Amino acid sequence: MFKNYFLTRGFGVGETKLLSFDRALRSAKIENYNLVKISSILPPGVKKKKEVDLVPSSILYIAYGYLISDKRGETISAVCGVAIPEKEKDIGMIMEWSSYDKKEKGIEEVKRMLETAMNDRGIRIKKIEIVSIERKVEDFTCVFAGCAIF
């Protein structure tokens, strides 16, 4: 059913929470899709793409983390990662994280969660890929990181 995945991140600043979120989606290059949030399973055999090539307005399945704040000067971060299995027939994992911390903390946490989830399933990891974003808050600021499957 799913053949591709797209790992992305972005941020947006706006006068409202929703505008900052919409601009974060634009920054992440997924603003023209209807997002459907999924949990943490990366389908077997999917290939990495540099962009989503669905028709605009299509439903896009995505696991994501995001955070919106309007506390000027505060640091916010979002991280998303995937664990690619050694065997193409096996599933992989997607983990996301967002917080009022530096992105380095999230990168460590996502890596640890990916390794644990794959180990819990007895699946060996070929590689781990992680994207992250960190911003200082100004107006309403949104950070977003996700993995779409399509």
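The structure is a predicted model, in which local features need pLDDT of at least 70 and side-chain atom pairs count only at pLDDT 80 or more, while totals for chains, interfaces and linings use all residues. Residues are numbered from 1 along each chain as its sequence is written, and side-chain values use heavy atoms, with hydrogens and water left out.

Secondary structure elements are DSSP runs numbered from the N terminus, helices being H or I of at least four residues and strands E of at least two. Two strands are taken to pair if DSSP finds at least two bridges between them. Five strands make up an open sheet of mixed pairing, in the order 2-5-9-1-4. Its edges are strand 2 (34–37) and strand 4 (47–48), each of which pairs on one side only. Helix 1 (residues 17–27) packs on this sheet and touches strand 1 (4–14), strand 2, strand 5 and strand 9 (140–149); contact means heavy atoms within 4.5 Å. The direction of helix 1 makes about 140° with that of strand 1, where axes are lines fitted to C-alpha atoms, for helices over the stretch in contact, and angles run from 0 to 180 degrees between N-to-C directions.

Strand 2 and strand 5 (residues 59–69) run parallel and are joined by four bridges, with Val36 opposite Tyr61 of strand 5. Strand 5 is in turn joined to strand 9 by nine bridges in the antiparallel sense; here Leu67 has Val143 of strand 9 as its bridge partner. Ten bridges, also antiparallel, link strand 1 with strand 9, and Tyr5 stands opposite Ile149 in strand 9. Strand 9 is largely enclosed by the rest of the structure, because nine of its ten residues are buried. Buried denotes a relative accessible area under 20%, exposed one over 50%, and partly exposed a value in between (1.4 Å probe, protein chains only).

A further open sheet has four strands in the order 3-7-6-8, with antiparallel pairing. Strand 3 (41–42) and strand 8 are its edge strands, each pairing on one side only. Eleven bridges connect strand 6 (residues 75–85) with strand 8 in the antiparallel sense. Helix 2 (residues 103–120) lies across strand 6, strand 7 (92–99) and strand 8, and runs at about 150° to strand 7.

Thr75 lies in strand 6 and stands opposite Lys136 in strand 8. The side chains of Thr75 and Lys136 make a polar contact of 3.0 Å. A polar contact is a pair of N or O atoms within 3.5 Å; within protein, one must be able to donate a hydrogen and the other to accept it, and residues adjacent in sequence count only if both atoms are side-chain atoms. Thr75 is buried at 13% relative accessibility. Not counting residues up to four places away in sequence, Thr75 touches Ser99, Tyr100, Asp101, Glu134, Arg135 and Lys136. Thr75 and Ser58 are 17 residues apart in sequence, with a C-alpha to C-alpha distance of 33 Å.

Two serines were also examined. Ser69, in strand 5, is buried, with a relative accessible area of 6%. Its side chain makes a polar contact of 2.6 Å with the side chain of Glu74, and a polar atom of the Ser69 side chain lies 3.1 Å from the backbone nitrogen of Lys71. Leaving aside neighbours within four places in sequence, the contacts of Ser69 include Ile76, Tyr100 and Asp139. Ser132, in strand 8 (residues 125–136), is buried with a relative accessible area of 10%. Beyond four places in sequence, Ser132 touches Arg9, Ala78, Val79, Lys103 and Ile107.

The structure holds five aromatic pairs. Rings of Phe, Tyr and Trp (its six-membered ring) pair if their centres lie within 6.5 Å; planes under 30 degrees apart count as stacked, over 60 as edge-to-face and the rest as tilted. The pair of Tyr64 and Tyr66 is tilted, because the ring planes are at 40°, with the centres 6.0 Å apart. Tyr64 is buried, with a relative accessible area of 13%, whereas Tyr66 is partly exposed at 36%. Phe21, Tyr64, Tyr66 and Phe144 form one aromatic cluster.

Lys37 lies over the face of Tyr64, 4.5 Å from the ring centre. The charged end of Arg135 sits over the ring of Phe11, at 3.6 Å from its centre. A charge sits over a ring if NZ of Lys or CZ of Arg is within 6 Å of the ring centre and within 35 degrees of the ring normal.
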